Each structure stands twice: as C-alpha cells, then as structure tokens.
Amino acid sequence: MTDQAVAAQAEPEEIVTDIEQAPRRLQPLRRLLPFLLRYPVRLALTVLFLLVSATSSLAIPAVMGGAIDEGFLAQNLENVGRYGWLIIGISAIMAVASGARFYFISVIGERVVADLRQAVFSHLLTLETRYFDTHRVGELTSRLNGDVTVIRGAVGSSFSLALRSLVTIAGALVMMILTSPVLTLAVVIALPAILIPVFIYARRLRGMSRRTQDALADLSAMATEMLGANRTVKAFTQEGEQAAHYETRSEASYRAEVRRLGARAVLVGMVIFLGTAALVGLVWWGARAVFDGSVTAGQLAQFLVYALMASGALTNISEVLGTLQTVSGATERLTEILDTRAGIADPSRPVPLPEPPLGTVAFENVGFAYGGAGAEPVLSALDFTVGKGQTVALVGPSGSGKSTTLSLLQRLYDVTSGTIRVDGIDIRDVRLDELRRRFAYVEQEPIIFSGTIAENIRFGKPGAGMDEVIAAARAALVDDFVADLPDGYETLVGERGVMLSGGQKQRLAIARAILKNAPILLLDEATSALDAQSERLVQRALEHLMAGRTTLVIAHRLATIRDADTILVLEGGRIIDQGTHDQLVAKGGRYAELAKLQFRLAEAV
Ligand SMILES: Nc1ncnc2c1ncn2[C@@H]1O[C@H](COP(=O)(O)OP(=O)(O)OP(=O)(O)O)[C@@H](O)[C@H]1O
C-alpha cells in the first residue's frame, strides 16, 4: 500500500479525536472579540438595527390586540383601518431594520473571516521549519478553510440569531407580564414541562450531528489526499481499492445522516405535538380569564402571539448554542496557530551585513541535533570557511548531514553549538530577510508553482521587469524550450510544474536563482539522472549561475567536484577529509571509495 493510502487510513481516528476533543466551553469565542471590535461603527449599526427590528416586531401584537378589542369586537371599521395602517407602518420600519441588520452583520462576518484567514496565513508563513516538520500541511490548510468557514457561518448568522432571540425573549416576556401577569405565571409554570424533554432530545441530536460532520470531514480528507496522489494511486493500481474505501466511508456518512434525520423528525413531531397541546391548554386557560372578565379577547390574542414568539426564540437559542460550541472549537484551533511564536525570529538589535556583500561563509565548531541539545547530534564540530567566489563541495553518504548544513546556513534551524558567520557576522545577529537575501538556493527537486513560467522565474525577484526575467531565462537556457510553448512565458505549467520535464524544471529553478542575483549560491544537485542532452543544458545553465558567486554545493556530478576549490567529505555529521579532487583521489581511502560509488560512473569514463 502506498504511503498516502496508509496516511489516509490513519486519518479517521485522528479527525474523530480532534473533533471529540472540541471544547464544549464557549470561552475561546472571546478571541473573536478583538476581530469584531475593529469595526465599531458597523457593530454599533448592527446593534441599533437589531433593537429597532426587535422592538417593532414586539409592537405588532400589541397593536393587533388593540385592533381586536377596539376594532373587531367594538365593530368599529374605522379603528380596524387605523390599526391596520399602524401595523403596515411598523412593518415597514421592521422590514428596513431587519434588512439592514442582516446586511451589517453579514458584512462584519465576512470581514472578520477575511481578517482571520489572512492573519493565520501570514502568521503560518513566519513560523520556522521545525513547526512544519511536526504539523501536517493538510491539517493546516483544513484549519484555514474548514475552521474559517465554520466561523463565517456563526458570525454572520448565529451571533445575529442569538442576539435577536435574546432581545425577543426579554421583550416578549415584558409584554406578556404587561398584558396579563396571571397568564404569564401559568406559562412560566408550564414551560419546563415542554422545554425540558425537547432540550434533552435536542442535545442528543447535536451529538449525532457532530458525528455526521466527522464522517464528512473524513470523506473529504480522503478524497483530497487520493486525488492529489493520483499518479501514485495509478502506479500501484489502487483505483479499485481506494474507490471501495471511499464507498465504505461514504455509506457510513449516509447512514449517520439518515439516523440524524430520523431523530430530527422525532424532534419536530415532539415540538409540534407538545407545542400544540400547550397552546390548547393556554387558550383554555385564557378563555376562562376572558369569560370571567380579567382579560379581553384582544389581550388574550396578543398574549398568545408573545408566548409563541418567546418559545420560538428559545428554540433558536438552543440551536445556536450547539453551533457556537462547534465555532468555539474552530476558533480555538485557529487561535492556537496565532499563539504559536516563531522559534527563529529577528534579533532584537540586528547587525547589518556589510555592503557591498563580501560573500564569505564560516562554520565555527558547529554542532546540531534536530531534537535540540541532548538529542542525537546530526552534525558535530563542523569547521570550515568559504572565501569570496570560491566553490566548496559537500560530499558524503546519504544521511551524513549535507542538506542539514545548507539548512543551518539559511537559519531554517538554529545551531545547537558553535557559530555560523556570513560576511563575518554571526547569522543570529542578522535580520532574517537580510540574511536570506544573500543566498540563492537551487533545490534538488525544485519547487515549481502552478502559475506561469514568468511568474515562476519572478519568484526570485518580485517586481522584476519582463526584460530581466527574459535575461535570466536566456542565461539558464530556459528560453529555448519556452519558444516552443504555446503561450511562451505566459504558459501555465500546472500544479508543481507537472507540464515540464525534470531538466526543464531544474533550468527554471536556475533562472529564478539567476534573477535573484544573490552573492552566495546554495546548490543541491539533482541525483536523478537526466539524459545526456538535458544534463549538458543544466550544466551550462549552472555555469552561468555559479560565475563570480561563492558556492556551496551538495555535489553529485563529477564535473562539479573537479571544479570545486575544496571538497568537504562528510560522514556521520563530521568532516572526515578535505582537499581538492586530485588531492583526495591521490590519498585513496574513503573519498576514492565514495567517488566510485556516488558520482555518476558514466561521467568518470
Ligand atoms: N527535519 C528533520 N527532522 C529530524 N531529523 C532529520 C530531519 N532532516 C534530516 N534529519 C536527519 O538528519 C540526518 C542528516 O540528514 P541530511 O538530510 O542532512 O543528510 P544528507 O547528507 O543531506 O542526506 P541525503 O544525501 O540522503 O539527502 C539524517 O539522519 C536524517 O534522518
């Protein structure tokens, strides 16, 4: 089974635990407040329109009561008309206020979500490499999408519904007491008998709805993973197997949803029956009060409407509470990211690097362990210098620490002991962006983004003009294949550059590095063999790039090795030998053995 498939199958448990651990507390919601309070005017307008719409909706039943008593029962058509106009006027105010409330709260919701999403994304980009070593990118993007969407729903509608319901309950209760204290007392006594069973059942339903959400999250996680890995799936002829997995999960999600719908149907029935029974009881009780003259028929009608409004609002609140718990979980997961401090950050008093750049590198007795001091060291007592314009090649068996050395130089991780200097300055004293501007990095498997050829090259120097991009492309021999592409530099290269060959991707990455024009070049040569023609092109592109630059190269090509000023032979994180190719070959020993094994024999002949 493929790695991806294994990972996909490991996913359900993780997702379920994640969601089950979602807090039932609502405190994390407080963290949304600063985002909301950034827009005080819109917030104030929302509250204003909310109060206006709630008050006007509460006024209608009172007017209606008046219409019944003074209009219908008094058989006074004029009064019916007058009250009718009043109701139309109030409805107009209510309509405008409700529309405005909906608009402002939705805009705030969208605004908060956009702010939150941007804050989380830009914060994630500042976190150090170690964070990404221990967090799955799929999980992070799902937080960015899923959790943010959950919050959008809540801020836009649930908050508004909760506020409106609270105001309605309070207002309706006041109006009920004003209309008839005796009837209000009867309702307050009878209410728990109806609400308690409904609440208990609704809570069970919420648990079920969380399980269906889990099942859905699980389904979409699997689909994303498998579609992304479609080449691997095909290579291992896993289509049938994975489709069957998907079907099993999809069926589970369907069954969970059906169970939830059944339970919901029971709840709806329960609400209808208990509600109607309560209404009949209230009407009967009210009729008695009308007959003995303690309330008028209009007051009774008005009272019934208030009671219905209050109970509707109560039901809304119980639903909103459920939603807010989910939102609280989402908010907590996002604020967790925002609270993570970058382990590698700018120094408080940065030292500027010399201008113009010297282009020198020095490792002084550097030790490093991925797990921090005390853990198994990956590099020990690493000591070497690279002078301006020199090329130093790192060679050594797999796992000897070559890539780690380049990571440390870019300060993707901090050394555990010793010092690294660029142009004589300890890199921990330099601003991160200033330091990293001094390097151009060409990775072993270059990362190509899904935009156009020009955008990919321009990644080396944002804002570079088209003439600069083309000059870099010429130097990296990219322009010869671009000429054959339908849209030239504007051709889209597909996700991860799938539409380009291995050699073309490498040349594109070299063009990007040429455009960056940094004084120090970090090069991780590709191990995968290209055909002779591509290889020659990449080699020529590299020569253009290396010209006049200080270069640290993880070398796999004999040509690179031969031209290097110094070769550092690494083994087990230590430099076991150094010198030029000829010196080291003459010495015999480990380097000669390694050279035979590691460098392409074809090149040696
Ligand atoms: N992010 C990481 N977290 C923990 N350990 C790591 C990490 N990256 C590398 N290692 C470990 O550090 C050691 C050195 O790895 P490094 O990638 O520097 O070797 P390398 O010489 O570049 O190997 P290769 O030629 O195979 O790329 C290895 O034992 C590796 O398992």
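Modeller: Helices, of at least four residues, and strands, of at least two, are DSSP runs numbered from the N terminus. The model discussed here is a predicted one.

Colleague: Where is Gln 75 found?

Modeller: Gln 75 is not a glycine, yet its phi is positive, near 50°. Gln 75 is exposed because 8 other C-beta atoms lie within 10 Å. Gln 75 is found in the loop between α3 (40–73) and α4 (77–126).

Colleague: How does Leu 173 count, and why?

Modeller: Leu 173 has its place in helix α6 (residues 137–179). The C-alpha atom of Leu 173 is separated by 9.7 Å from that of Phe 303, 130 residues apart along the chain. Because Leu 173 has 18 C-beta neighbours inside 10 Å, it counts as partly exposed.

Colleague: How many Å apart in space are Pro 181 and Val 96, C-alpha to C-alpha?

Modeller: Pro 181 is found in helix α7 (residues 181–228). With 10 C-beta neighbours inside 10 Å, Pro 181 counts as exposed. Pro 181 and Val 96 are 85 residues apart in sequence, and their C-alpha distance in space is 33 Å.

Colleague: How many residues does helix α11 give to the shell around the ligand?

Modeller: The residues that surround the ligand include Asp 133, Tyr 370, Val 378 and Lys 402. The shell around the ligand divides into 2 nonpolar, 7 polar and 2 charged residues. Helix α11 (residues 402–409) gives the most to this shell, and its number of residues there is 3.

Colleague: Why are the buried residues of α14 on the same side?

Modeller: The buried residues of helix α14 (residues 466–475) are Val 469, Ala 472, Ala 473 and Ala 475. They lie on the same side of α14 because the arc they cover around the axis is only 165°. On the other side of α14, Met 466 and Asp 467 are exposed. The value that explains the placing is the arc, 165°.

Colleague: Which residue takes a positive phi just after α14?

Modeller: Most residues other than glycine have a negative phi. Just after α14, a positive phi of about 55° is taken by Leu 477.

Colleague: Which residues touch the most other members of the largest nonpolar core?

Modeller: In soluble globular proteins, nonpolar side chains tend to be buried together. The largest nonpolar core here has 72 residues, and those touching the most other members are Ala 476, Ile 510 and Ala 511.

Colleague: From which domains does this core draw at least three residues each?

Modeller: Helix α16 (residues 502–516) gives the most to this core, with 7 residues. The core draws at least three residues from each of domain 2 (350–438 + 519–605) and domain 3 (448–517).

Colleague: How many Å apart are the C-alpha centres of domain 1 and domain 2?

Modeller: The protein chain is divided into domain 1 (3–339), domain 2 (350–438 + 519–605) and domain 3 (448–517). Between domain 1 and domain 2, the C-alpha centres lie apart by 58 Å.

Key:
Residues numbered from 1 in each chain as written. Predicted model: local features only at pLDDT ≥ 70, side-chain atom pairs only at ≥ 80, totals over all residues. Buried ≥ 20, exposed ≤ 12 C-beta atoms within 10 Å, placed from the backbone. Arc of directions from axis to C-beta. Near = placed C-beta within 6 Å. Nonpolar A, V, L, I, M, F, W, Y, C, P; charged D, E, K, R; others polar. Core = buried A, V, L, I, M, F, W, Y, C linked by C-beta atoms within 7 Å. Domains from an automatic or database assignment.
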